[in-house]
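Notebook open. I list below what I looked up, entry by entry.

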Amino acid sequence: MPDFARDSTQLINLYQAMVLTRTFDAKAVALQRTGRLGTYPSSLGQEAVAVGVAAAMREEDLLLPSFREHGAQLWRGVTLQDILLYWGGDERGSASSGPRHDFPVNVPVGSHAPHAVGVALAFKLRGEQCVAVCVMGDGATSKGEVAEALNIAGVWRLPVVFVINNNGWAISVPVARQTAAATLAQKAVAAGIPGEQVDGNDVIAVRAAVEDALARARAGNGPALIEAITYRLSDHTTADDASRYRSDAEVSQRWNEEPIARLRRYLVKRELWTKADEERMLTALSTQVDAAVESYLATAPQPVESIFDHTYATLPADLADQRAAALAARSRR
Amino acid sequence: MAVEVLMPALSPTMTEGKLAKWSKSVGDAVKPGDILAEIETDKATMEVEAVEEGVLDQILVPAGTEGVAVNTPIAIVRGDDEEAGAKPAAKAPPKNEMRPQTAETTTAAAPPPPVTVKPAPAEADYKGETRAQTVREALRDAMAEEMRRDPDVFLMGEEVAEYQGAYKVSQGLLEEFGAKRVIDTPITEYGFTGMGVGAAMAGLKPIVEFMTFNFAMQAIDHIINSAAKTLYMAGGQMGCPVVFRGPNGAAARVAAQHSQCYASWYAHCPGLKVVSPWSAADAKGLLKSAIRDPNPVIFLENEVLYGQTFQVPTDPEWIVPIGKAKIVRPGDAVTITAFSRMVGVALIAADELAKQGIEAEVIDLRTIRPLDIETIVNSVKRTNRLVTVEEGWPFAGIGSELAALAMEQMFDWLDAPVVRVHGADVPMPYAANLEKLALPQAENIVEAVKRVTYK
């Protein structure tokens, strides 16, 4: 057991962060279903990957999340309200409360992998003891730019850790149809960097593996790739119906392995957690999420000028004309 | 029979080189395959071999001479039985193993004369010192000065460090700034473009060199989806101050996949600035502005211009603002807009038109986005006629944008429909004769001007 796992407070923090993520996901899906949020990708069943990764990082490290890492963002200090704003279509959600240097959610699959290498290069050029952490899905590993990112990171021994959240499915395509490679971790071999698999439903294992990789990278020993094996219990997003392409039997079986019940059983067995603790926590988290939703729903929509204001650092003349026209149209209405 | 040995071209775009040394002396016997001399350009060194048997009769260009134009006679070889000092009867181009051995080499032996253009005057308000520099040197100086000024600026790309740039634009930078800031990448455009974006989003100011902009097509997702949109999508919190630069458009004899203009591709996209200078002064002043700009900037250079010389201000604080066009030749009969290499062609056309009594105003757009609408509109208000010139394809090209602008903002001042001069709407031919036909020439511009002036 790693040291942090001997500390009951730390274990409980990990547990609560995963439950917060799941509570939030359920609420977000409900908001989408009632027309108050845009398309939303739940991380149901994969909470241990996001939370384990973020818990391993230092504040000064830099997270490059894909679109299913709410748990990591929340751990890093992004607020529930920021995340709701983002998925509600409000760009202010990415001007977030988390570390200002963390990158916003990257929706295009895998394109943040080379970004992470660039970040690591920046750390190296500035002589900073920081590591870039890029989390991507299993589908991203089929992309050329991910191979290119792994390759350059390896050549230059940059401080970057790639985490593959292998949830088994890229929308409707299972990993077996994504690659003939026996594992995704072995994609590291061709790049000459260490690759390992970790049980992505075990938050302790995820955090420990990422901590080791971060320590190596921070010490100047180069990048690593970690394949965290988990399962997407939810649909791909709220725009998807996974029952069309995968069996209920498969999903039911995977519910037996999900990370939250697993850690709870461990905490209870070690007498670190009681039914009363659980109830108190659920009530508190529910209150917290409800308050964020209330605040999100009460946020005034973005004004029309906001679409112009951040297209360039300073407004060019032709955009200034368009902005003025938009404002004039609004005042006429 | 005496034959002249001519200065060979190492590549279709080479116009001159240095005669580094003679390997034979006057009076030496030579036979085919003997090395006569060594010539150098900033890209390569090669040996000139004899093609005829005989005696080296005269050396016309001494060793160490710089700037020897291609096809200049450099020596005379006479037959064994001839008298010294015989007049050459025929010209024999030296055997050149780097030249493709095809039927078209006959045209390579007689390239078109280099475009002669007037040196660009420095920006009107600059009263300081200037010096003659090539576009290549001006770009290098722009990078070097900005790298001295700001430790966050660095250069990366293929062949930029050890090799000093595929087109030798980064000469001396590795030596001055070291491998940490002048970085050779693997052949991985998709990857290193994304890296540049990531490094910029993490607070550095990368200059990403594409060996040519053709290779940026593989990486366009990072340029458009990541670089151009980040500031907007991050609610203003995180920008992407990166410069993507390299040669754009047709060079000479590099065929369909390596000859195309990307100006309208990138200018289409909000969030990007697009710059495409002609003169060395503008290349320097605009590249400096691009490096200092907090937005992602596409900086489109031209291989054919790299070796052309202009007067360039020496003051390291002298910059050319992005978004300002320049009237490079005043006139009252017609407004001709052009950018990059086409400015030189437009000026040749303007000289020809002047001989016919038509004074054309030539505007170097310099920045494609944001376009300096004011300068163009004000010019057309005086000339009442507009001809647009670009090397690229016509459909949704820069000329199309200018024609739309003419409808919106100049309609009442126009005395003739706008005419667009542009590259042929086909993949670039490889054959030299067809390539020339596919690219706008001065006579095409002259014809276009005559159409709008009803002459």
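Which element gives the largest share of the lining of the second largest pocket? I found α11(B), with seven residues. Elements here are DSSP runs, numbered from the N terminus: helices are H or I of at least four residues, strands are E of at least two.

**Ground rules.** I am working on a predicted model, where local features need pLDDT of at least 70, side-chain atom pairs count only at pLDDT 80 or more, and totals for chains, interfaces and linings use all residues. Residues are numbered from 1 along each chain as its sequence is written, chains are lettered from A and ligands numbered from 1 in the order in which they are written, and side-chain values use heavy atoms, with hydrogens and water left out.

**Second largest pocket.** I noted a volume of about 920 Å³. The search runs on a 1 Å grid over the protein atoms alone; a pocket is an open set of points with protein on both sides within 12 Å along at least five of seven lines, and lining residues have an atom within 4 Å of a point. Volume is the space filled by probe spheres set on the points, which are joined across faces, edges and corners. The lining has 32 residues, and A:Asp318, B:Pro370, B:Leu371, B:Ile373 and B:Glu401 are the closest to the centre. Both chains supply elements with at least two lining residues each: α14 (317-332) of chain A, and α7 (263-267), β21 (367-369), α10 (373-383) and α11 (398-410) of chain B. By class I get 15 nonpolar, eight polar and nine charged residues. Nonpolar means Ala, Val, Leu, Ile, Met, Phe, Trp, Tyr, Cys and Pro; charged means Asp, Glu, Lys and Arg; the others, Gly among them, are polar.

**Backbone checks.** B:Pro370 came up again: a cis peptide bond joins B:Arg369 to B:Pro370, with omega about 0°. B:Pro370 sits in the loop between β21 and α10 of chain B. In chain A I flagged A:Glu271, a non-glycine with a positive phi of about 60°. A:Glu271 is in the loop between α11 (259-269) and α12 (275-298) of chain A.

**Interface of A and B.** I see 34 residues of chain A in contact (heavy atoms within 4.5 Å) with 42 residues of chain B. The buried area is about 3300 Å², with 65% from carbon and sulfur atoms. That is accessible area (1.4 Å probe) lost when the two parts are put together, summed over both. On the chain A side, A:Leu125, A:His310 and A:Tyr312 lose the most area, together 19% of what that side buries.

How many salt bridges cross the interface? The rule, a side-chain nitrogen of Lys or Arg within 4 Å of a carboxyl oxygen of Asp or Glu, finds zero. The chain A side divides into 15 nonpolar, eleven polar and eight charged residues.

**Cavities.** I count seven cavities of 30 Å³ or more. A cavity is a set of grid points where a 1.4 Å probe fits but cannot get out. Of its 14 lining residues, B:Ser259, B:Gln260, B:Glu391, B:Trp393 and B:Met428 lie nearest the centre.
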